[in-house]
Amino acid sequence: MNLPPTFPLSMAAEHTPVRVVSIKGTPDFAKRIAEMGLNPGAEISVCQRSGSGLLVSRSGTRLALGGGMAHRILVCAMLLPRSGLGHKQGIVLGNLVGDR
């Protein structure tokens, strides 16, 4: 099974759901991010950009992140369940993903 590519949260498009894959950085940084609820597997979306900073939403809670923090949080695009409406691996909201 092909896994979707990961990219820094700082590169995520606004209002497009993504899933946290991993946190890069020191153990203290990873703990701080986890305490904010941004654990691997969490579904989040970027609500707003301000300079390099981001306002992200997770389960109705909004969190402000600096650009450096957002760059160390790796995410992947979320796939919709197989519905017959897209590629065999599903549809990413706004983009097609998979082997072509």
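Me: In what order do the 6 strands of the open sheet come?
Reply: The order is S1-S6-S2-S3-S4-S5, with antiparallel pairing. Strands (E, at least two residues) and helices (H or I, at least four) are DSSP runs, numbered from the N terminus. This is a predicted model, where local features need pLDDT of at least 70 and side-chain atom pairs 80 or more, while totals for chains, interfaces and linings use all residues. Residues are numbered from 1 along each chain as its sequence is written, and side-chain values use heavy atoms, leaving out hydrogens and water.

Me: How do you know that S2 and S3 pair?
Reply: Pairing takes at least two DSSP bridges between two strands. S2 and S3 are joined by 2 bridges, so they qualify. In S3, Glu43 is the bridge partner of Arg19.

Me: What makes Arg19 and Glu43 a salt bridge?
Reply: The term asks for a side-chain nitrogen of Lys or Arg within 4 Å of a carboxyl oxygen of Asp or Glu. Here the closest N and O atoms are 3.3 Å apart, so the pair meets the definition.

Me: Why is Arg19 called partly exposed?
Reply: Buried means under 20% relative accessible area and exposed over 50%, with partly exposed in between (1.4 Å probe, protein chains only). Arg19 has 31% relative accessibility, so it counts as partly exposed. Glu43, with 45%, is partly exposed too.
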